[in-house]
Every structure is written in C-alpha cells, then in structure tokens.
Amino acid sequence: MSVKPLSLHSLHSPMASSFLALLFFFISSPFISFAADASQAAKTFIFRVDGGSMPSVFPTHYHWYSSEFAQESSILHVYHTVFHGFSAVVTPDEADNLRNHPAVLAVFEDRRRELHTTRSPQFLGLENQKGLWSDSDYGSDVIIGVLDTGIWPERRSFSDLNLGPVPKRWRGVCQAGARFGPRNCNRKIVGARFFAKGQQAAVIGGINKTVEFLSPRDADGHGTHTASTAAGRHAFKASMSGYASGIAKGVAPKARIAAYKVCWKDSGCLDSDILAAFDAAVVDGVDVISISIGGGDGITSPYYLDPIAIGSYGAASKGIFVSSSAGNEGPNGMSVTNLAPWVTTVGAGTIDRNFPADAILGDGHRLGGVSLYAGVPLKGRMFPVVYPGNAGMSSASLCMENSLDPKHVRGKIVICDRGSSPRVAKGLVVKKAGGVGMILANGASNGEGLVGDAHLIPACAVGSNEGDRIKAYASSHPNPVASIDFRGTITGIKPAPVIASFSGRGPNGLNPEILKPDLIAPGVNILAAWTDAVGPTGLASDPRKTEFNILSGTSMACPHVSGAAALLKSAHPNWSPAAIRSAMMTTTNLVDNSNRSLIDESTGKSGTPYDFGSGHLNLGRAMDPGLVYDITNDDYITFLCSIGYGPKTIQVITRTPVRCPTKRKPSPGNLNYPSITAMFPTSRRGTLSKTIIRTATNVGQPEAVYRARIESPRGVTITVKPPRLVFSSAVKRRSYAVTVTVDTRNVVLGETGAAFGSVTWFDGGKHVVRSPVVVTQLDVL
C-alpha cells in the first residue's frame, strides 16, 4: 500500500488540522505497514468510512481512498449513497491495520451469497376488472429494481407495447456489454447494469465468459424469472413444455423493470457487488427493490456487518420498499434470513396448482409424487426397480456422479435419495449408467415437501413416507418392478396455500422481538419467463430451450411481494415502505381454500407465525387496510439503540451520526411493527407482565371507530388499553398499550418454545387489522 505525495500548500485549507491528524496517524501509527506480506493471499474487504472526515485537499472520496487507504489498482467499488466507503483487494493484515484509521468505522470481508431458488396473481386475490389491479393501473410508472442474475430482454414478458414513456424521474442507464446494448432496454426495461468487479477479483481467472455474459444479459435464468414474476406483461398464452398452460402475467404488469446483475452463473453473488447495486439503484430512482438473495454460509451477521441489511436501510431511508427472500433452509427452526426490520422478509407457500406424477409399483400400489418431465412417457410399461442404497454406499443412494454400477442399474428405474447434488443432475447420473427412469425420494429433513423439476429422463419426486414404502418394496420383493404415470397439470388443488417445507422459519436469530418471516407468498412451482442461454434444468448438458420455466423457492415468493408493493405504491404514492408492508401484513389470509388453518407441509399440522409470519399475502384486502403501522428513520435508529448498538456502530448503517437516549433505554419490542412479540426471562416464576406500545395510523375513512378483539393463548392474558380507537379528520394517529401477562405455571409453550395469540382491530365494516402476538421465553432462543 502506498501513500501519494501531497503539495504543502494544501495544508493551509480550513480542514488542515484534520488532515494533519490523519497524516500523523499514517506516519506514526505502529499499526500501519506499507509492505504487504507476500505470504498472505489478498482478499476483498469492504471498508465503511466516515465520509465527513475527508480532508478538503481531495476533490473526491475516490482520490482520498486511493491516496490514504489502498492502492488505486486494488479499489473495486466506491460507495456514495446507501453506504460511505469502498471495497478493495488487500491482505488480511492490511485490512486489520486499516481498522485503526480514525476515519474507518468498520471493516468486513466480502462474503458470497446464494440465490434462494400464471396462476399465482389470481391466487393473491387479484382480478382483471376490479380491485388493486385496476385501482393502481397495474402498477404503471412504478420502477422495480431487481438485484439478481440479469435479464433476457427479448422475452415477451418484457414487451413495452402500449406502455407510456419512461418516467421522467428515472436517472438510470442501459449499460452495454456482451450481447447487450442500449436497444435491449425499452419502456418496460428502463435500465440495466452489471456489477462484476467483486467477482472478477474473487474468482481465479475472472468470470468464465464461455458460460456467462459480461453484461446485464442473464446466463442463469433466475433473474429473468424473478423480474417477470414481479412485473411481466400479460395477455398471451404461456406454458413450460405444456405444463401450467394459461395466460402469462406478472403481479404488476405495467410496472417498469430495472435489472441489476449482481449474481453470476456458477459463482454466486458477492457483498461488494450487491452493495454497489444498492448504491446505483437508489441514485437511479427505483421505487421498489426485489432481492432474492441470502447468506450462503449459514452465518447470521449483525446488521452493521451485513451489506444487504446496510444497503436495504439506505434504500428504505429514501422511501424505497425492499423485499427479500426468507431463505430455503426450512423446516429447521431459526432458519429465516434477511432479518432487518426495515426489510420485508417473504416465505413461500404453495398455490392451487400441481403437476402430479405417480410411482406405480408391481404390487398394485400407486404412490403420489410430482414431475415436470415432458419427454416420451413410459405408457404404463413396468421396469425393474432398484435402490442403490441397499449396498450400503451413501454416494450410490444419493446417485452422485460415477457412483452407480451400470451392471446393477441398466434398464431399471433407480430410486435416488434427495440431497448433496442437484435433483435433476441425479437423473443424468442414472441415464449415464444405463437406467431408464428415476424415483427421487425425500429424506426425513425434507418430509413431504415436493417441487416439480423438468427432468431429462422419466422421473418423479416423492415424499419421505412414500419413498420409504418404495424402498421397502424394492428390498423385499423378489422381482420388484415399477412405472411412472405423468398426469400433467391439475388446478383447484386443496388445501392451498400450504407452507412450503423449505421456507425459512422463525424465530428471528438476531432479535426475536421482531417476528420473521413477515408473511408468505406463492413460491412453489411458479411459471415465469426464462433465459435462452440454458435449458430449464440449468445444466450444461440440457440442450432444451424454453420461453418459460417453473421454479420453486422463496426466491419466487419475494418478487410476488415486490410486485404487490409496486401496485400499492402506485395506488398510494404517499405511503412509506413501512406503511406498505403493514398493509400487506395486517390483511393476510390465515386459512386455506378449504377454510382451515394454514398447514405446514413438513409436518401436516397447523403452522404458526414462526412458519408464516402474519399469514399469506392477500392483495385484494391490502389495497384498503384501514389502519397501518408506520415507522420512521428515527424509529429504526431508536430500535438500534435499544439492542445495544452504540452511535458509531449505528453510523455504519445509517451513514450519518446519531445519538442514543441516555436516561432510559428504549425497548426493541416497541418498534412500531405490525406484529408483536412479548419475551419473558425463564429465571423468574409466577405471574409476569410486559407492556408493548403500538401506534396506528388511519388511512381509511377519516371518521372511524375501531374496537379490539383479543385472542389469548392458554396461560396468557392479553389486554389492550384503550379498547377503542377513535379517529377523525383531525386525529389520524392513535397509540395503544398491549399488556401480556403470563402465568408461568399454566402457560403452554409449543414445540417452538412459544405460544401464539393476536390483537385485531375492526371497525364493524370491511376493515379487519390483525397483528399476531408471540409469547416466548429467552432461553429457548
């Protein structure tokens, strides 16, 4: 690392004393070493710098950073908007030394994230002729920034036919690159950028241009799928190889799309690039940010070390709604990701459409599964069936590469265990060994949760119980045989929605006082546009091309909420991001299409708010919620103070200096969130009480009276004061206190270590404003 010489006359500037202090630090500090340790491998680090400390001798922050902090050639990104600082390739020792610079507030290593991989709009309560679609003009002129793998602009979902001019406030660009230029943007795709510097620095040899485009063009398919889910055009027929045939449409068909490519095929997404995209999106002028990305290493970082949380705060503080995926590590408890309270975190549920494929056994049993296989069917022909796991080799039971003995599987249907390798890749291993088909069996961790795949050989997926029965048959019968019956697309499935087994679950691993996920939305077997660069499986060996693909994951649920936010923003342009989230959360569905409580796919039992948050998104009601729970930037700062962050730590997130209350520490549970969590210490016994404050804002008729309806779990008493909220044209905000009293001798905490109730405000008309109440104890978290 080198320091460039400065002319002496610059020391006479108004900030000379500050600059001299910084210069003295660099010259005298024993922590700074200007000679890199050749034995250390350089890595990318992100540096949060106090922008106000820049000496006036430097014309820009970049000049300052490249003069005092890192060599010019090592700097990757400079952040100005959601974050002040830069990312650079330096050795760990150099990064540690820079932590001691008086202007450096935080240093964190670049982390790799992963993607959380058109019937659904109707399933959200949207109709063509009335309601939120028509009242919001289908989201017209709202701009959704999609941080993902890019976009395939030629798809019909991104046509700008009959759209008005690009909104005048838009300041973004259409960045040129490999097979992408200005003509690939239009009045629908109003902008596109790509962020590759972090990847280029982290990947040996840089990005593989034989499988990727160094441009906004999508080589993976994920970004095209999420963008069209949120805002794809409608009024043309669509299907994936005949499956899910219908009219293609996104949630906000007239909303505009800005694509920010931050994830790269086979190498994931890096924090340094993601943060740069947040920075650009805010400056460009997006209204909504959709990010279906989360931690790929199982680590839950505090907010001040999480660039997604930091970038999201910078966006939310500017009035931009941010939705993110809850992750696919369910049904394990505390598996939900993207936990910041200024982010709307979305879990996944099923829709009322399925793609059944049955495994038919030689003993006459027919066991239900799913598949999107579209090749030559087996037509009832029976084949020998074999389970390689009977030989005792786990690699063979998982059908890993080169694990199958052709002598044992040739001409047979092979039972493969799910896990350790891509589901569709297992079928290729079977095919390579001479097998004719595959039955993919869930393990206990996946339970009965199934997702359809566009297999390259006749194959279906079955749940854990069915898998065990098929394995038992294959092991015990002297001549086991089977076939697979592909039954196409079936709609009107009941029950639906069901909470997807893979969907990330609560409680919140950082701050249990904030319930996460916030809500669930359609995320299983979702049809949307697809890239032309790869086949529907995404495998290099898949030669098929398709305009649409069917995917599952909280990645698919997140853009449903992004599109919903665009509709609500269009209908209510003055609502804050927190108000939009509140409208969605307090109007959710808690029952399925059989009028029963939402079922957890992994257990077959009723779910809890740790599984579905406030419930399943219902846009038909969110348009007119009656009351909302608004949150300001100051409220978020108070929350950060309440969880023990000091002013300097908070400044890493907020960019500007803050002050925390000194007389009385605030309570994190008093953040004006649409859900309520009451936490009690287990060290105390008997009757315990906690009071939580909420403030409701009337967004309905000016003259309104709301009454409270309370649902208390066993052993818990919930009271609300006042029990009535009276609003008028002069009084639009009313506060109330929720007191939760627990009798520790009688309270019944379920398997999750929590009990669940609710506080609901109703006006005697159509407005029903519900907040879930979670009652828990500290030591179970």
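In this predicted model, a disulfide links Cys263 to Cys269, with a distance of 2.1 Å from S to S. The link of Cys263 and Cys269 is right-handed, with 105° about the S-S bond, and both of these cysteines are buried. A disulfide is a covalent bond between the sulfur atoms of two cysteines. A search of the whole structure finds four such disulfides, and, when the bonded cysteines are counted along the chain, the disulfides follow the pattern 1-2, 3-4, 5-6, 7-8.

Another of these bonds joins Cys174 to Cys185, again with an S to S distance of 2.1 Å. The link of Cys174 and Cys185 is right-handed, with 90° about the S-S bond. Cys174 and Cys185 both lie in the loop between strand 6 (143–148) and strand 7 (189–194), so the pair ties together parts that are eleven residues apart in sequence. The relative accessibility of Cys185 is 13%, and because buried means under 20% relative accessible area, Cys185 counts as buried.

A further disulfide connects Cys641 with Cys660, and here the distance from S to S is 2.0 Å. The torsion about the S-S bond of Cys641 and Cys660 is about -85°, so this disulfide is left-handed. Cys641 belongs to helix 18, whereas Cys660 is found in the loop between helix 19 and strand 32 (676–680), so the bond ties together parts that are 19 residues apart in sequence. The two partners can also be described by their accessibility: Cys641 is buried, with a relative accessible area of 7%, while Cys660, at 23% relative accessibility, counts as partly exposed. Two other cysteines may be described in the same terms, since Cys460 is buried with a relative accessible area of 0%, and Cys558 is likewise buried with a relative accessible area of 0%.

Two packed helices are described by the angle between their axes and the distance between the axes. For helix 18 (residues 633–642) and helix 19 (residues 647–654), the axes come within 10 Å and cross at roughly 140°. Helix 18 and helix 19 are therefore oblique to each other, an assignment that can be followed from the cut-offs, because angles over 145 degrees count as roughly antiparallel. The crossing in which helix 18 passes helix 19 is right-handed. In this contact, Ile637, Leu640 and Cys641 of helix 18 meet Ile650, Ile653 and Thr654 of helix 19, and by class the contact has five nonpolar residues, one polar residue and no charged residues.

Helix 7 (residues 222–231) was examined next for burial. Ten of its ten residues are buried, so helix 7 is largely enclosed by the rest of the structure. The buried residues of helix 7 include His222, Thr226 and Ala230. Several elements surround this helix, for its buried residues pack against strand 5 (112–115), strand 6, strand 10 (256–261), strand 28 (526–529), strand 29 (548–551) and helix 14 (554–571).

On the side of helix 7 the contact is made by His222, His225, Thr226, Thr229 and Ala230, and on the side of helix 14 by Ser555, Met556, Pro559, His560, Ser562 and Gly563. By class, the residues of the contact of helix 7 with helix 14 divide into three nonpolar, eight polar and no charged.

A further pair is formed by helix 8 (residues 271–284) and helix 9 (residues 307–316), which pack at an angle of about 5°, with their axes 9 Å apart. Because angles under 35 degrees count as roughly parallel, helix 8 and helix 9 are therefore roughly parallel to each other. Asp271, Ile274, Leu275, Phe278 and Val282 in helix 8 make contact with Pro307, Ile308, Gly311, Ser312 and Ala315 in helix 9. The residues of the contact of helix 8 with helix 9 comprise seven nonpolar, two polar and one charged.

Key
Residues are numbered from 1 along each chain as its sequence is written. This is a predicted model: local features need pLDDT of at least 70, side-chain atom pairs count only at pLDDT 80 or more; totals for chains, interfaces and linings use all residues. Side-chain values use heavy atoms; hydrogens and water are left out. Axes are lines fitted to C-alpha atoms, for helices over the stretch in contact, and angles run from 0 to 180 degrees between N-to-C directions. Helices (H or I, at least four residues) and strands (E, at least two) are DSSP runs, numbered from the N terminus. Angles under 35 degrees count as roughly parallel, over 145 as roughly antiparallel, 65 to 115 as roughly perpendicular and the rest as oblique. A crossing is left-handed if the near helix is turned anticlockwise from the far one by less than a right angle, and right-handed if clockwise. Contact means heavy atoms within 4.5 Å. Ala, Val, Leu, Ile, Met, Phe, Trp, Tyr, Cys and Pro count as nonpolar, Asp, Glu, Lys and Arg as charged, and the others, Gly among them, as polar. A disulfide is a pair of cysteine sulfur atoms within 2.5 Å. Buried means under 20% relative accessible area, exposed over 50%, partly exposed in between (1.4 Å probe, protein chains only).
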